[in-house]
Amino acid sequence: MNHITNNTMRVKKMNQELVRQALKMMKQGTKSMVAQATGLSVATCGNILNELLDTSELLEMGMEESSGGRPARLYRYNENFFYIACIIVRAGVKTRSLTYTLANLAGETIKEGYQENDRMDPAVIDQLVDQLIGQFPQIRAVAIGVPGAVNQGVINLSDIQELINVPLEAFIRGKHEVEVILENDMNLTVYGFYQKQGYDEEKSVAVATFIEGSFPGAGMMVDGHIHRGSSHFAGEIAFLPLGMTLEEQFRQLHDRTTFHSLVGRVVSSLIAVMNPEMIALTGSLVESADVDLIRQECLKYIPEMHMPQLTLLEHPEENYMYGLITMTLESLAYSLQLVEKRR
């Protein structure tokens with residue numbers, strides 16, 4: 001493919017995405033309305049609308065009400081043209097589980113479910129993907145959130161040993177020919193939390209989790225973007241040089257007499273490195289009364305003028321799934337980095 005042809009195809013795909021996004025925002029519109037919203041010519045919009053109509057990606061809604069002239073044809077984006085399957089893998093104290101949500105292109109839930117497993121390995125995850133795609137062949141993307149560090153589609157650090165160093169992303173993409181996202185649980189949680197705040201400008205925030213039976217972790221948004229680090233190890237706060245072994249850190253986190261002091265040091269490290277506007281604390285080990293106690297511990301190390309807002313995130317699973325759905329829908333948009341995404 002020569003350079004000119006390649007550029008022409010890229011421009012066409014970008015124009016198609018402009019039309020898609022315009023109709024999603026408007027809910028329904030005419031050719032002229034789409035042209036005005038996108039800045040494209042009426043003729044270009046007409047061609048794109050016809051192409052998307054032929055594939056059923058758009059729906060024809062009849063004619064708009066006439067205001068004296070010739071009535072124009074109305075179009076609506078078909079939000080059920082494709083589905084996405086979002087799966088959360090959890091490593092519990094006694095059992096492991098998969099939580100999934102099937103959503104349409106508007107992010108609306110089509111189906112959701114939960115299953116517990118004595119074991120958790122790639123075969124268990126693939127079995128669920130098989131089941132969902134078999135039932136809903138219009139699934140175009142599969143997104144998987146995991147407790148662990150993910151780099152280039154491979155989990156290299158996790159509480160679930162069976163998933164480490166397995167090319168899970170490439171396997172599912174090759175088998176099912178769908179877009180696949182494999183992402184760290186805390187990155188997704190902080191992304192969902194950030195998106196729900198509706199900030200007018202880019203901010204820096206973090207979510208730190210302290211769960212019974214696990215080591216702590218954090219997700220960070222720096223100036224509106226997920227901070228993953230060069231090898232996607234950022235946020236693995238259990239590896240902070242706290243002057244103790246991991247075994248001792250685990251013991252102190254699960255002891256209420258040492259919990260606040262240790263968490264205060266961990267959170268202070270996040271503040272010193274990130275200087276965020278807000279840090280949300282979550283996890284089964286954190287109680288509402290702990291937030292102020294942890295803040296007091298942080299003030300032993302951090303000047304008050306630099307202290308962020310500390311808050312309790314009581315339902316992190318909602319932010320987790322919201323982040324997974326939002327990131328997946330964004331991955332399906334053809335943007336060519338014209339608009340830089342926060343993820």
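**Close-up views of a predicted model**

**View 1. Strands 14 and 15.** Met278 stands opposite Gln309 in strand 15. Strand 14 (residues 278-282) and strand 15 (residues 309-312) run parallel and are joined by 4 bridges; two strands pair if DSSP finds at least two bridges between them. Together with helix 9 (residues 290-298), strands 14 and 15 make a right-handed β-α-β unit (clockwise from the first strand over the helix to the second, with the strands pointing away from the viewer). Helices (H or I, at least four residues) and strands (E, at least two) are DSSP runs, numbered from the N terminus.

**View 2. Glu17 in helix 1.** Glu17 lies in helix 1 (residues 3-26). Glu17 counts as buried because its relative accessibility is 7% (buried: under 20% relative accessible area, 1.4 Å probe, protein chains only). The side chains of Glu17 and Gln21 are joined by a polar contact of 2.5 Å (N or O atoms within 3.5 Å, one able to donate a hydrogen and the other to accept it).

**View 3. The second largest pocket.** The volume of the second largest pocket is about 880 Å³. Of its 37 lining residues, Pro147, Asp185, Thr209, Ile211 and Ser214 are the closest to its centre. A pocket is an open set of points on a 1 Å grid where a 1.4 Å probe fits, with protein on both sides within 12 Å along at least five of seven lines; lining residues have an atom within 4 Å of a point.

**Basis.** The model is predicted: local features need pLDDT of at least 70, side-chain atom pairs pLDDT 80 or more, while totals for chains, interfaces and linings use all residues. Residues are numbered from 1 along each chain as its sequence is written, and side-chain values use heavy atoms, leaving out hydrogens and water.

Terms used. Points joined across faces, edges and corners; volume = space filled by probe spheres on them. Buried < 20%, exposed > 50% of the residue type's maximum accessible area, 1.4 Å probe, protein only.
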